[in-house]
Amino acid sequence: MPIAVLSDVHANLTALHSVLWDAQQRKVERHYFLGDAVGYGPDPNECVMLIGELATHCVIGNHDAAVANESERFNRHALDAINWTRAELTPQNKALLAAMPLTTTAGDALLVHASPYEPEAWHYLSSASSAVAAAGHFTKHLCLIGHSHVPFIAEITATGRLVRHEETVEFKPDSRYIINAGSVGQPRDGDPRASYVLLHDERAELVRVEYNVTETQHRMLMAGLPEPLIRRLALGY
Ligand code: ZN
């Protein structure tokens with residue numbers, strides 16, 4: 001049975017539902033979550049509860065930490081959304097986020113929101129080439145990340161060479177892998193479809209799922225969330 005690896009849901013319940021439905025069609029029975037359940041989108045409570053129920057392994061993201069604890073450096077619109085989310089979230093859901101660890105392991109995989117190097121500093125790994133340096137900072141066969149909202153699969157061979165894989169990869173015992181699951185709720189690679197990873201025993205694949213972007217945009221408008229955040233969903237940026 002494959003595992004669905006989800007990241008950066010960002011309170012986009014419409015996108016999350018579409019991804020979970022797609023994963024169900026592909027016989028997924030387990031889910032890992034790589035952080036940022038909230039921030040930007042209109043349905044933080046529903047997303048936190050659903051992720052809390054479904055995911056067997058979770059890590060905290062920078063937006064989750066900002067909402068549950070206190071904010072750090074964010075641009076104005078992100079900060080507006082964080083303040084809105086903080087007011088919306090129930091104390092139980094805030095506690096659920098606050099209890100998520102910075103890193104966790106599942107079998108032969110390390111799960112971390114941003115980077116295995118200084119996970120608390122939220123460094124961005126936006127491309128396969130940026131993953132090479134990070135490979136020295138974990139010991140597992142796989143490192144599963146999110147944060148940049150840009151999906152990629154990077155293989156680092158035993159000799160330290162980088163091999164990029166477009167959509168799928170067959171795992172080799174001697175290589176190690178950094179896989180960015182992209183973002184369920186706010187993709188930034190120019191493709192507005194929700195992104196997640198299907199993880200099998202011997203391989204992984206990047207999956208894209210159409211969802212009703214207009215519905216999320218409408219709900220954001222009703223919630224009074226910042227306009228630029230509403231517009232960018234349709235652009236996948
Ligand atoms: Zn994010």
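Me: Which residues line the second largest cavity?
Reply: His10, Asn12, Tyr40, Gly41, Pro42, Gly185, Gln186, Thr216, Met220 and Leu233 do. A cavity, on a 1 Å grid over the protein atoms alone, is a set of points where a 1.4 Å probe fits but cannot get out, and lining residues have an atom within 4 Å of a point. This is a predicted model, where local features need pLDDT of at least 70, side-chain atom pairs count only at pLDDT 80 or more, and totals for chains, interfaces and linings use all residues. Residues are numbered from 1 along each chain as its sequence is written, and side-chain values use heavy atoms, leaving out hydrogens and water.

Me: What volume does the second largest cavity have?
Reply: About 40 Å³, a volume being the space filled by probe spheres set on the grid points, joined across faces, edges and corners. The largest cavity holds about 60 Å³.

Me: How many nonpolar, polar and charged residues are in the lining of the largest cavity?
Reply: Nine are nonpolar, one is polar and none is charged. Ala, Val, Leu, Ile, Met, Phe, Trp, Tyr, Cys and Pro count as nonpolar, Asp, Glu, Lys and Arg as charged, and the others, Gly among them, as polar. For the second largest cavity, the lining has four nonpolar, six polar and no charged residues.

Me: Which residues of α2 meet α5?
Reply: Two packed helices are described by the angle between their axes and the distance between the axes. Here, Asn45, Val48, Met49 and Gly52 in α2 meet Asn93, Leu96 and Leu97 in α5, contact meaning heavy atoms within 4.5 Å. That contact comprises four nonpolar, three polar and no charged residues.

Key
On a 1 Å grid over the protein atoms alone, a cavity is a set of points where a 1.4 Å probe fits but cannot get out, and a pocket is an open set with protein on both sides within 12 Å along at least five of seven lines; lining residues have an atom within 4 Å of a point. Helices (H or I, at least four residues) and strands (E, at least two) are DSSP runs, numbered from the N terminus.
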